[in-house]
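Please keep the sequence and the structure in view while reading the points below.

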Amino acid sequence: MRDLVSSFLGVHSSDRVVAEIEKKVIEAFEVFDHECNKTVDVREIGSVVRSLGCYPTEAELQELLAEVEEEEPTGYIHLEKFLPVMTRVLLERSYQPIPEDVLLHAFEALDENKCGYLTKEELVKYMTEEGEPFTQEEMEDMLSAALEPETNTVCYKDYITLMIVDDV
Amino acid sequence: KRKREPAPVHFALNNAAVLIQRWYRRYVARLEMRRRCTWRIFQSIEYACEQDQIKLHNFFSYLMDHFTPSSSKERDFISRMFVSGESFKEAELEKYCDYESMEVPDSYTGPHLSFPLLPDHATTLLEAFKRKQQLHARYVLNLLHETRKHLKQLPNISHVSTCYSEEVTVCGDLHGQLDDLFLIFYKNGLPSPSKSYVFNGDFVDRGKQSLEILIVLFTFLLVYPNEVHLNRGNHEDHMVNLRYGFSVHGRKILKMIQNVFCWLPLATLIDQKVLIIHGGISDTTDLDMLEKIQRHKFISVLRGKKRKESNRNVEIQEIIGESKADASAAEHDAASSPSPQPQPAQAPSMTNRLEFSKWVRQMVQEQIERCRQLVDSESEEEELTYSSFVSMTDLNAPCWTRQEEWKQILDILWSDPMPQEGCRENTVRGGGCYFGPDVTKKILEKYSLQFLIRSHECKQEGYEFCHSRKVLTIFSASNYYEIGSNRGAYVKLGPDLVPHFVQYQANKTAHTLTMTQRISRVEESAFRALREKLFAHTSALISAFKAYDKDGTGRITLSNWATAVESVLRLGLPWRMLRPQLAHSMADGMLEYKSWLEDLAMEQQSQEHIQSGLLEVIYRNRSNLETIFRIIDRDHSGLISFEEFHQTWKLFSSHMNIELTDDGINDLVRSIDFNKDGNIDFNEFLEAFQETEFNSDCQKASNWVPSLES
């Protein structure tokens with residue numbers, strides 16, 4: 001497996017580093033392997049990828065899935081296909097994390113009036129109509145933590161701080 | 001007129017949205033991972049605890065073979081440990097757990113019960129418990145006696161029909177969480193002629209109101225005997241109660257309860273189509289056998305490692321719940337002395353260990369004989385005994401060994417389903433099997449059943465299907481590990497036998513928390529428990545780390561840290577995922593293990609004057625110690641004498657191979673408050689080391705408020 005990854009990369013990474021990354025990938029994979037048979041439901045692969053420290057867009061995730069799915073998609077992703085691909089992703093540091101200031105700029109971009117907060121309607125509009133739209137559940141979840149019920153607004157700076165602290 | 005937004009601005013807006021969404025989705029995924037890891041932590045620790053029982057059994061075996069008592073006191077001490085779960089003949093039970101002479105004082109403001117019980121008694125009782133009142137011991141004992149009388153008439157498998165009561169409600173584990181039972185009654189209604197209930201075991205242990213739950217359930221059982229059905233769970237077991245501290249003070253009540261538990265039915269069948277058992281099944285589950293065995297003979301179902309046994313040894317396990325006799329030696333004894341030899345007036349010389357072992361074993365066997373006689377004479381109402389002493393006149397009478405009968409019960413009380421096919425030993429719990437979908441299919445086909453309902457495992461949503469919806473797990477203790485850890489649920493079945501679920505959480509706070517807060521809180525609790533476990537293995541961890549640190553730098557790689565920790569703790573946890581919350585690494589990605597372990601030690605309750613090795617031993621063996629204390633404490637007063645305490649430690653240290661000076665023990669003793677003439681309240685002692693409890697009192701809402709969640 002290690003040779004496969006190395007040649008895949010065309011990069012010579014130390015065996016140790018690769019071995020350690022592989023162990024991490026396997027651990028994360030197994031957390032979602034409910035049947036204990038080295039498979040994960042395709043709908044949960046995104047969680048595996050993301051909990052390994054990656055921040056892919058939905059589009060990027062789909063690309064990744066295409067690489068790891070069976071030829072005849074079964075709805076399950078097998079570890080043996082997932083492992084080399086995910087290891088490469090981590091070695092190449094694809095899908096880099098989003099720093100706090102970049103996130104702040106993004107919210108500010110949505111804040112037309114530059115007042116430091118977004119109204120509930122504004123946030124809902126952007127999140128459910130722009131970009132890669134949220135599902136209703138995702139929207140409700142975000143609002144439950146972000147929304148100040150008295151003013152019906154989201155002070156995004158505070159929200160970001162709260163999330164960053166919680167996100168160990 | 002609004003100008004169309006220039007393309008670049010829109011592009012920027014779109015990008016910003018994608019970025020936020022990307023970030024948010026990653027956050028949610030990370031949260032999901034944390035939630036699953038937390039769950040794994042709790043489960044693995046819980047099941048590892050159950051595995052301790054096996055270790056305890058091994059400890060006793062070790063004692064039998066190796067320990068040479070140096071005084072008659074110590075001899076008594078050991079022998080007393082082995083005869084703690086005696087069964088009583090009916091008349092003796094009445095006499096021992098007599099309640100009629102108990103006076104209820106005028107000052108008593110709690111509820112009064114009179115027999116036969118009426119519906120009013122039940123509602124009065126509920127109201128009283130809601131007001132935090134207690135039921136007088138006299139009534140408790142009376143209730144237990146009546147319950148036992150009633151249960152004795154019931155078959156091993158209860159039969160329920162939906163044509164009479166339209167709907168049947170099935171509840172899972174309650175584990176002493178009275179608030180959950182209140183909530184169930186609030187949402188679903190009380191038991192009545194038009195509302196049937198099945199309670200699927202594990203009424204007691206862990207939660208704080210085990211006795212109240214029993215009182216409520218037994219009361220309804222007696223008031224509505226046709227509508228209320230109870231199944232035995234693995235916690236309705238004397239040895240398990242000792243371990244988990246179903247802390248009922250009062251030997252009479254405890255003794256009665258032991259003799260009620262063994263009479264609980266083993267299973268319930270709805271419309272001959274749905275089988276309800278507490279744990280699960282195995283590939284040898286035989287409902288015909290289960291219907292016919294004498295279930296009350298199995299006061300405790302717990303057992304240690306498998307051995308080839310003669311019937312006599314099986315009875316030992318039955319009656320006292322723990323096997324002490326070494327298989328080969330016992331067989332030797334059985335072969336050489338078919339009838340118990342009279343107890344020697346004087347024990348053999350202490351210098352000869354083998355002699356002593358044999359003597360103790362003999363003595364134990366005698367005690368067992370005595371108990372067996374008591375138990376057997378109780379079954380005078382039966383014409384046929386299904387034990388190995390089969391009547392020679394009836395060749396058609398089934399002849400199962402006690403061993404086979406015992407396995408049937410063990411399997412249905414302790415097994416868990418697994419996703420893979422097959423059936424294998426449940427080594428994690430120490431009893432029962434892991435059964436696969438093929439085993440389920442076979443049993444369902446054999447008995448023309450539609451599906452199984454079982455409990456025994458905590459589920460996040462309160463219920464869960466597996467084996468292609470042929471097995472349903474129902475768990476009714478919400479917030480079992482921690483507030484917000486899980487919902488409780490119950491299931492209703494009508495004549496169509498289509499399950500309808502109702503979920504709930506018996507804690508107001510759980511609803512005001514956001515998902516993040518809820519997960520964080522449960523996570524905190526899990527990590528605290530995990531850190532305590534890590535601390536308890538300090539010595540072993542240091543050895544393991546040192547193996548990776550040959551140069552003695554005091555540092556190891558994170559990778560080696562993970563491997564070492566798993567090799568010591570063996571919890572099967574994803575350590576690399578958990579590491580950021582357990583240990584900080586230096587900039588170069590290495591971990592300073594010594595200071596890490598020191599930090600862990602500081603976190604635990606500071607008992608500075610006790611040597612650290614001892615502290616560690618206490619932590620690691622707290623559950624075992626507790627069990628041993630309870631066995632020693634024969635009158636169940638919660639107190640043991642200083643001498644007994646001393647002896648316990650000596651026994652332990654000889655088994656654990658640690659140097660324990662008398663000074664060390666004295667230090668320990670000094671840290672405990674002495675009550676009552678040199679006796680030690682061991683609950684106080686153990687509480688000092690119980691910083692982490694899955695369900696601690698302070699976390700429960702002080703006023704019960706019904707949940708509006710459905």
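In this predicted model, residues 98-133 of chain A are 58% helix and 6% strand, and the end C-alpha atoms of the span lie 19 Å apart. UniProt, in an unreviewed entry, places the feature "domain: EF-hand" at these residues and also at residues 20-55 of chain A. The points that follow are grouped by topic.

**EF-hand annotations**

- Residues 20-55 of chain A are 53% helix and 8% strand, with end C-alpha atoms 21 Å apart.
- For chain B, UniProt lists "domain: EF-hand" (unreviewed entry) at residues 536-571, 620-655 and 660-695.

**A helix pair in chain A**

- Helix α7 (residues 120-129) and helix α8 (residues 136-146) of chain A have axes that come within 11 Å and cross at roughly 145°.
- The contact involves Lys120(A), Leu123(A), Val124(A), Met127(A) and Thr128(A) from α7(A), together with Met139(A), Met142(A) and Leu143(A) from α8(A).
- The crossing of α7(A) past α8(A) is right-handed.
- The residues Met139(A), Met142(A), Leu143(A) and Ala146(A) of α8(A) are buried. They lie on the same side of α8(A), because they cover an arc of only 100° around the axis.
- An α-helix has 3.6 residues a turn, so residues three or four places apart point the same way.

**Chain B as a whole**

- Chain B contains 26 helices and 19 strands.
- Of its 710 residues, 60% count as buried.
- Among chain B contacts between residues at least 6 apart in sequence, 76% join residues at least 24 apart.

**Helix α22 of chain B**

- In helix α22 (residues 593-603) of chain B, the buried residues are Tyr593(B), Trp596(B), Leu597(B) and Leu600(B). Their arc around the axis is only 95°, so they are on the same side of α22(B).
- Exposed residues Glu598(B) and Met602(B) are carried on the face of α22(B) turned away from its buried side.
- The elements of chain B against which the buried residues of α22(B) pack include α18 (515-536), α19 (538-548) and β15 (555-557).

**A three-stranded sheet in chain B**

- An open sheet of 3 strands in chain B has the order β7-β9-β8, with mixed pairing. Strands β7 (416-417) and β8 (423-425) of chain B are at the edges with a single partner strand each, so one side of each has no neighbour in the sheet.
- β8(B) pairs with strand β9 (residues 433-435) of chain B in the antiparallel sense over 3 bridges.
- Cys423(B) stands opposite Phe435(B) in β9(B).

**Backbone exceptions**

- Most residues other than glycine have a negative phi, and most peptide bonds are trans.
- Phe115(B) and Pro116(B) are joined by a cis peptide bond, with omega about 5°. Pro116(B) is in the loop between α3 (90-96) and α4 (119-130) of chain B.
- Tyr95(A) has a positive phi, near 55°, and is placed in the loop between α5 (79-91) and α6 (100-110) of chain A. With a relative accessible area of 17%, Tyr95(A) is buried.
- His175(B) also has a positive phi, near 45°, and is found in the loop between β2 (168-171) and α7 (178-188) of chain B. His175(B) is buried, with a relative accessible area of 1%.

Definitions and conventions:
Residues are numbered from 1 along each chain as its sequence is written. Chains are lettered from A and ligands numbered from 1 in the order in which they are written. This is a predicted model: local features need pLDDT of at least 70, side-chain atom pairs count only at pLDDT 80 or more; totals for chains, interfaces and linings use all residues. Side-chain values use heavy atoms; hydrogens and water are left out. UniProt positions are given in the numbering used here, feature names are shortened, and annotations may be inferred rather than shown by experiment. Helices (H or I, at least four residues) and strands (E, at least two) are DSSP runs, numbered from the N terminus. Two strands pair if DSSP finds at least two bridges between them. Buried means under 20% relative accessible area, exposed over 50%, partly exposed in between (1.4 Å probe, protein chains only). The arc is that of the directions from the helix axis to the C-beta atoms. Contact means heavy atoms within 4.5 Å. Axes are lines fitted to C-alpha atoms, for helices over the stretch in contact, and angles run from 0 to 180 degrees between N-to-C directions. A crossing is left-handed if the near helix is turned anticlockwise from the far one by less than a right angle, and right-handed if clockwise.
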